[in-house]
There are 2 protein chains.
Amino acid sequence: MPQFLTLLPPDEARALLLSHLSNGTADSALLDSLLALGRVTAEDILAPHPLPEFPRSSMDGYAVRARDTFGASDSLPAYLTLIGEIPMGAPANLTLAPAQCASIHTGGMLPIHADAVVMLENTQTISGRGGSSDRSTEIEILRAVAVGENVIAVGEDVRAGQIVIPRGTLLREAEIGGLMALGITSLRVVRKPRVGLISSGDEVIEPNQPASAGQVRDVNAYTLSALVTRAGGEPVRYGIVRDDFSALQAIAQKALTECDAIIITAGSSASTRDMTADVIRSLGAPGVLVHGINTRPGKPTILGAADGKAAIGLPGNPVSALVNGYLFVVPVIEKLLGLNPRPRPTVNARLTVNLSSQAGREDWWPVKLTANRQPPTANHQPPTVNRQPPTANYEAEPIFGKSNLIFTLASADGLLKIPADATGLSVGEMVEVMLV
Amino acid sequence: MPQFLTLLPPDEARALLLSHLSNGTADSALLDSLLALGRVTAEDILAPHPLPEFPRSSMDGYAVRARDTFGASDSLPAYLTLIGEIPMGAPANLTLAPAQCASIHTGGMLPIHADAVVMLENTQTISGRGGSSDRSTEIEILRAVAVGENVIAVGEDVRAGQIVIPRGTLLREAEIGGLMALGITSLRVVRKPRVGLISSGDEVIEPNQPASAGQVRDVNAYTLSALVTRAGGEPVRYGIVRDDFSALQAIAQKALTECDAIIITAGSSASTRDMTADVIRSLGAPGVLVHGINTRPGKPTILGAADGKAAIGLPGNPVSALVNGYLFVVPVIEKLLGLNPRPRPTVNARLTVNLSSQAGREDWWPVKLTANRQPPTANHQPPTVNRQPPTANYEAEPIFGKSNLIFTLASADGLLKIPADATGLSVGEMVEVMLV
C-alpha cells in the first residue's frame with residue numbers, strides 16, 4: 001500500500017488530473033432559452049439578423065435631414081415644418097422633404113430621408129405662424145446635428161452572422177436576454193456531467209436511519225451532491241458500501257460506466273483509504289495519478305483517471321471532503337462542461353488573528369466574514385473605491401475546531417488559503433477569501 | 001408629470017424602499033433537505049441530539065486508560081495488554097481493565113473505561129513475550145497521553161438543543177450536510193417571493209414573434225426572470241401591455257394582488273415612463289417613493305410601495321433595467337426572504353483606462369475581467385497572498401457601447417462602480433468589481 005510516496009502541491013495535482021480529461025462532454029441537448037439559465041452553450045451563437053433591424057432614434061425629439069440644421073443655434077434657429085409623429089412599433093410611413101421634420105420617440109424608427117434626430121430640449125414649437133389660415137406647425141431647431149447623431153444605425157449593435165455568445169459560455173441574465181432580443185428561443189447546451197457519488201465505511205449509515213452506538217450518518221454524499229449541482233453537474237448517488245474491496249470495486253465500476261466522473265469518500269481509517277486507492281487502480285488506465293496532496297485539509301486525497309474519466313477518492317472527514325471538493329471536483333466539472341474560464345468570487349478582508357502554517361504545505365481555513373466598519377488602513381486603495389458599499393472591506397475570522405465537524409463550514413463564508421511558501425499569515429494582513 | 005423633482009442617491013433610495021417592506025415573507029413550506037439547496041431557513045434549526053453521540057477516536061491507534069501511560073517514553077515504554085479491536089460501526093463491547101488497551105480506528109467508539117487514544121505511530125507491537133505458551137499480545141506505549149487526548153467527547157462538536165443553523169440562512173453544501181449529520185431530512189424554508197413582471201411599450205413584441213419594422217422583442221421580462229430566479233424568487237410574467245394607462249393599471253393591480261412585488265419595465269419614451277409612475281401611484285399608499293435616481297444607468301428608475309409590497313418601475317432600456325435590477329430588485333427579494341446579510345462576490349482588478357464621471361452621480365460600468373499575469377504592483381498586498389491562484393488579480397476593461405445593448409452586459413463579468421463623490425477613476429487604479 002504505497003501511501004503518500006509523494007505529496008504533490010494542489011495546483012500541480014489538479015493540472016495532472018485535468019490533463020487526463022477531455023474538454024467538454026461530447027453530447028449536448030436542445031433547450032428552451034427560458035430554461036437555459038446556468039447552463040453552458042455547446043456551440044457559438046450567431047446573430048440571425050442585425051440589431052437594430054431598422055434605424056432607431058436614441059432620443060425623444062425630431063427626426064430631421066441633418067443638412068437642414070447646419071448652422072442652427074439659439075440666436076439663429078433653423079425652422080422646419082412638422083409633418084407628423086412617428087408611431088411606436090410601426091413602420092415609419094413618412095418621407096421627409098427638405099425643411100421638414102417628424103416628431104419621434106426614443107426607439108422609434110426614422111422616417112425616409114431622415115438621417116439624424118434633434119433632442120426635444122434643443123427645439124421649440126411654434127404654431128400657425130402664418131395666421132389662422134395656416135394650420136401648419138413649425139419647429140425651431142436651436143442646435144445643429146451631424147448625420148447619424150442620436151441615431152442607432154442598422155447593425156450598429158450586432159451585425160448579422162456575428163458571434164454574440166461563444167461556445168462554453170455560462171448563460172446568465174444578460175445572455176438569456178440577448179437570445180430573446182434576437183428571437184432565439186432555443187439553443188444547444190452542454191449536457192450536465194454526471195458525477196457518481198459512493199460513500200464507504202462500516203460506521204456510515206443513511207441520514208434517515210436511527211444511529212446506534214458507533215454509527216454516524218452519511219454527510220459526504222449530500223455535501224458533494226449539492227456541490228456538483230451548484231457547479232453545473234448532475235449528482236448520482238450510489239449509496240453506502242461496506243469496507244470490502246470487491247463490493248466497493250463492483251459499485252465503482254458500475255458508477256464509472258454510467259457517469260462522467262466518480263467520487264469515493266473513504267471511511268475514516270487509513271486502511272479504508274488505501275482500499276479506495278486499490279479500487280481506483282483496478283478501474284483502468286492510468287489509475288491513480290496522485291495519492292497524497294500537500295494540503296490541509298485533504299492530505300489523503302486520491303486523484304485518478306480511468307478511460308478518460310475522473311476517479312477521485314476523498315477523505316471521509318466531511319470538512320476535508322468538501323474543501324477538496326471545491327479544489328478538485330469543481331474544476332473537473334467545469335472542464336467536462338467546456339466552461340470558459342471565469343473570475344472566482346472572492347472578498348477582500350483583514351485577518352483578525354495570526355495563523356501559523358507548516359512551510360511547504362498549502363492550508364485552507366474556513367473563515368467567517370464580518371463587514372469592517374472602520375475605513376481600512378492597510379490596503380492602500382483610493383478612498384473613493386473603499387467607500388463602495390458592495391465592495392466594503394471585511395474582517396476574516398478563522399473558525400477553529402478540534403474536530404473537523406461539517407458545521408465549522410456551515411458557519412463559514414469562505415475559505416482562506418495559506419500558500420505553501422508561507423509559514424503563516426499575520427493579524428491585520430489583507431487577504432482574499434474564496435467565497436463558498 | 002413631476003419627473004425627476006429630486007434625484008436620490010442609490011443607497012438612500014434603496015433604504016427608503018426597503019423600509020416600506022416587511023422582513024421575511026409570512027409563510028414557509030416544509031421541504032425535503034435534499035431539495036433545500038439555495039433555499040432560506042424559515043426557523044432556527046436545533047440539534048436534536050449531541051454530536052458526536054458517543055466518544056470517538058480521532059486517530060488510528062490504541063484506546064487506553066490515560067493513567068496507564070503516564071511517564072511512558074521511548075526509553076521507558078509502558079506495556080499494555082491488547083484485548084481486542086474495536087469494530088467500526090458497532091458498540092464498543094470491550095471493557096478495559098488496568099494495563100489493558102484495545103486497537104481502534106479513526107472514528108471508532110471508545111471502549112468502557114478508556115479515556116484517551118495513543119497514535120499508532122507512538123506504539124510498537126510485541127507478540128507472545130511469555131513464549132509459545134503465552135498467546136497474548138502486548139503493546140509498547142512510547143508516549144504518554146493525557147485524559148481526552150485524541151478523543152472527541154460526546155457533544156464536543158454540537159450540544160443537544162444548540163442552534164446549528166439560524167433562521168434566515170441560505171442553505172449551501174455545508175448546511176445540507178449538517179442537516180444530514182443530525183438526521184434532519186426535512187425542514188421549513190421560506191417560500192420563494194413571487195415577483196410579477198410587466199413589460200410595456202407599443203413597440204415591444206414577444207421573442208417568439210417575427211419583428212416587423214419598428215418593433216423590438218421583449219428582453220427585460222426575461223433578464224429579470226433570470227435575475228429573480230437567481231436571487232431566490234419566483235418570477236411571474238404578465239406579458240406585454242400597450243402604452244395605455246387603464247390597461248397597464250389593470251394588469252399591475254392584478255399582479256400586485258397575486259405577487260409579493262411587481263416590476264414594470266416602461267417603454268423607452270419619456271411619456272410611457274411617466275405613465276408607469278402614475279400607475280404605481282394608483283396602486284395604493286404610499287405609492288411612488290422615489291422617481292429619479294442619481295445613477296447611470298438608471299436615472300428614470302421609479303421605486304414605490306403599495307400595501308407593504310414593492311412596486312418598481314425600471315427603464316425600458318435593457319442594460320438600464322438589468323443593472324438597476326441588481327441594485328434594487330435583488331435587495332428587495334433578499335429582504336422578503338429574510339436572508340441574513342452575506343458578503344457580495346467581488347473581484348479585485350486594475351482598471352485599464354481612465355473613466356470619467358459626473359461628480360454627484362453614481363456610475364455603474366460593465367467590465368470584462370482578464371487574469372492579470374504580471375505580479376501586481378499597486379495593491380501592496382503580501383506576495384504570499386498575491387500568489388494565490390483563486391485570488392489572482394485581474395485587469396478590468398470597461399465595455400463601451402454607444403447604445404445600451406444587452407450584449408454589452410453579456411460580454412461583461414461584472415459591474416464597476418464610480419462613487420458619486422468621484423469625478424472618475426484612473427488607469428491602473430485598483431478597483432473592486434461586483435460579479436454578475
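The following exercises, each with a worked solution, concern the predicted model shown above.

Residues are numbered from 1 along each chain as its sequence is written, while chains are lettered from A and ligands numbered from 1 in the order in which they are written. Local features need pLDDT of at least 70 and side-chain atom pairs pLDDT 80 or more, whereas totals for chains, interfaces and linings use all residues; side-chain values use heavy atoms, with hydrogens and water left out.

**Exercise 1. Backbone geometry**

Task: Determine which residues are joined by the cis peptide bond with omega of about -10°, and where Asn150(A) and Asp307(A) are found.

Solution.

Step 1. Most residues other than glycine have a negative phi, and most peptide bonds are trans.

Step 2. Leu51(A) and Pro52(A) are joined by a cis peptide bond, with omega about -10°. Pro52(A) belongs to the loop between strand S2 (45-46) and strand S3 (56-57) of chain A. Helices (H or I, at least four residues) and strands (E, at least two) are DSSP runs, numbered from the N terminus.

Step 3. In chain B, the bond from Ala285(B) to Pro286(B) is cis, with omega near -5°. Pro286(B) is placed in strand S18 (residues 286-291) of chain B.

Step 4. Asn150(A) has a positive phi, near 60°, and is found in the loop between strand S9 (137-141) and strand S10 (151-152) of chain A. Asn150(A) counts as buried because its relative accessibility is 14%. The cut-offs are under 20% relative accessible area for buried and over 50% for exposed, with partly exposed in between (1.4 Å probe, protein chains only).

Step 5. Asp307(A) also has a positive phi, near 50°, and is found in the loop between strand S20 (302-306) and strand S21 (309-314) of chain A. With a relative accessible area of 59%, Asp307(A) is exposed.

**Exercise 2. Aromatic pairs**

Task: State how many aromatic pairs a search of the whole structure finds, and describe the pair of Trp365(A) and Phe400(A).

Solution.

Step 1. A pair of aromatic rings is described by the distance of the centres and the angle of the planes. Rings of Phe, Tyr and Trp (its six-membered ring) pair if their centres lie within 6.5 Å; planes under 30 degrees apart count as stacked, over 60 as edge-to-face and the rest as tilted.

Step 2. Over all chains, the search finds two aromatic pairs. Trp365(A) and Phe400(A) form an edge-to-face pair, 5.1 Å centre to centre, with 65° between the planes.

Step 3. This pair links distant parts of the chain, 35 residues apart: Trp365(A) is in strand S24 (residues 362-371) of chain A, and Phe400(A) is in the loop between strand S25 (394-398) and helix H8 (406-410) of chain A. Trp365(A) is buried, with a relative accessible area of 15%, whereas Phe400(A) is exposed at 52%.

Step 4. In chain B, the ring centres of Trp365(B) and Phe400(B) are 5.1 Å apart and their planes stand at 65°, so the pair is edge-to-face. Trp365(B) counts as buried, at 14% relative accessibility.

**Exercise 3. The interface of chain B and chain A**

Task: Give the area buried between chain B and chain A, and state how many salt bridges cross the interface.

Solution.

Step 1. The contact (heavy atoms within 4.5 Å) takes 104 residues from chain B and 104 residues from chain A.

Step 2. The buried area is about 8500 Å², of which carbon and sulfur atoms give 61%. The term denotes the accessible area (1.4 Å probe) that two parts lose on being put together, summed over both. Glu173(B), Phe407(B) and Glu432(B) supply 9% of the area that chain B buries against chain A, more than any other three residues.

Step 3. Two salt bridges are found across the interface, the criterion being a side-chain nitrogen of Lys or Arg within 4 Å of a carboxyl oxygen of Asp or Glu. Arg230(B) forms a salt bridge with Glu173(A), with the closest N and O atoms 2.6 Å apart.

Step 4. Helix H2 (residues 173-181) of chain B gives the most to the side of chain B that touches chain A, with nine residues.

**Exercise 4. Salt bridges over all chains**

Task: State how many salt bridges are found over all chains, and whether Asp68(A) is buried or exposed.

Solution.

Step 1. The search of the whole structure finds 27 salt bridges.

Step 2. Asp68(A) and Arg65(A) meet in a salt bridge of 3.1 Å, N to O. Both Asp68(A) and Arg65(A) are buried.

Step 3. Arg172(B) forms a salt bridge with Glu175(B), the closest N and O atoms being 2.9 Å apart, and both of these residues are buried. In chain A, Asp27(A), Arg191(A) and Asp260(A) are joined into one network by salt bridges that share partners.
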